[in-house]
Amino acid sequence: MGDKYNFTRDLEKFSFSIESLPNELLAEVVARVASCSFKSYINIKLSCKVFHELAKERYVYQNATLADFPIEPSWERNKQEKISKLTSFMELCSECGNTEALYRKGVMDFFKNERPEVAKELLKKAANGGHLGALYVIGIIMIFMGGDVKEKGVMLIAGMKEREPLRTIAKDCRKSLVEILKTIWVKNPQVLGQRPTRCTIQHQRSRTNGWPSIDSDDEDADFHCDACTCDVEIAHVITALPASIT
């Protein structure tokens, strides 16, 4: 009769072979796994001591996906310990330059009026890291701020909607922002106290049937100026804000 299967022995052999590979390569493997799902990240972290240590690398947190994470954990559905762990992981990702973490914190902190100036810096960092959603939100904030800054915001948003596939990307950015705004308690007076002055020229498209839906594919088909294009974006954002300003 053959030898009984020895799981511990095989695991030790696996760990030994893993240790023979360069840390840079192994960190890349863990980072790619973490970029797929949080569950996969936990699984590879628990698979062996080497991966467990590498899972704490800044590069891994920087690339981890947050798709599995709620915008804000529900206290009714989650125990405090679980919420603390989720918050801690999100904070680590943000500190390590994870663009999605920077984007989420920037949006939430700005619209909740929690250190809005710091929040804008977080959004800038995310945008500089290539997060288009953060760039979109910066444009929206500029429009709400008014003055010369508003014109820059109009140009930024209009540029993102100039042609396909940018229009599709801009629509996804809008949906992401609206989703967050509908989840949090918006308290920033910069967006609550006003409706930005928008295009008043008569060449705007007819609105007899109201604004196009948030998922409309032809919403920009017959607009003739940048301000009109931004009208659509601001209108959608305002629908996600407290009803007092609509």
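This is a predicted model: local features need pLDDT of at least 70, side-chain atom pairs count only at pLDDT 80 or more; totals for chains, interfaces and linings use all residues.
Figure 1. Who lines it? Phe-38, Tyr-41, Ile-42, Lys-45, Tyr-61, Lys-82, Lys-85, Leu-86, Ser-88, Phe-89 and Leu-92 do. Sorted by class, that makes 7 nonpolar, 1 polar and 3 charged residues. Two helices, α3 (38-47) and α6 (80-95), each put at least two residues into the lining. The biggest contributor is α6, which supplies 6 residues.

**Figure 2. The largest nonpolar core, picked out residue by residue.** This core holds 37 residues, and the ones with the most contacts inside it are Tyr-103, Phe-111, Tyr-136, Val-137, Leu-177 and Leu-181. Helices α7 (99-111), α8 (116-128), α9, α10, α11 and α13 each give two or more residues to it. Of these, α9 has the largest share, with 8 residues.

**Figure 3. Zooming in on Leu-177 and its contacts.** Set aside the neighbours within four places in sequence, and Leu-177 still touches Tyr-103, Val-107, Phe-111, Tyr-136, Val-137, Ile-140 and Val-237.

**Figure 4. Helix α13 (residues 226-239) and what packs over it.** From first C-alpha to last, the 14 residues of α13 reach 21 Å, close to the 20 Å expected at 1.5 Å a residue. Is this helix buried or exposed? Of its 14 residues, 11 are buried, so α13 is largely enclosed by the rest of the structure. The buried ones are Cys-228, Thr-229, Cys-230, Asp-231, Val-232, Glu-233, Ile-234, Ala-235, His-236, Val-237 and Ile-238. Their cover includes α9 (132-145), α10 (147-160) and α11 (166-181). Val-237, on that buried list, is also among the contacts of Leu-177.

**Figure 5. Stepping back to the whole chain, with its 13 helices.** There are 0 strands here, and reading along the sequence gives simply α-α-α-α-α-α-α-α-α-α-α-α-α. How much of the chain is buried? Buried residues make up 41% of its 246 residues. As for contacts with a separation of 6 or more, 66% are between residues 24 or more positions apart.

Conventions. Residues are numbered from 1 along each chain as its sequence is written. Side-chain values use heavy atoms; hydrogens and water are left out. Helices (H or I, at least four residues) and strands (E, at least two) are DSSP runs, numbered from the N terminus. The expected span of a helix is 1.5 Å times one less than its number of residues. Buried means under 20% relative accessible area, exposed over 50%, partly exposed in between (1.4 Å probe, protein chains only). Contact means heavy atoms within 4.5 Å. On a 1 Å grid over the protein atoms alone, a cavity is a set of points where a 1.4 Å probe fits but cannot get out, and a pocket is an open set with protein on both sides within 12 Å along at least five of seven lines; lining residues have an atom within 4 Å of a point. Ala, Val, Leu, Ile, Met, Phe, Trp, Tyr, Cys and Pro count as nonpolar, Asp, Glu, Lys and Arg as charged, and the others, Gly among them, as polar. A nonpolar core is a set of buried Ala, Val, Leu, Ile, Met, Phe, Trp, Tyr and Cys residues joined through side-chain atoms within 4.5 Å.
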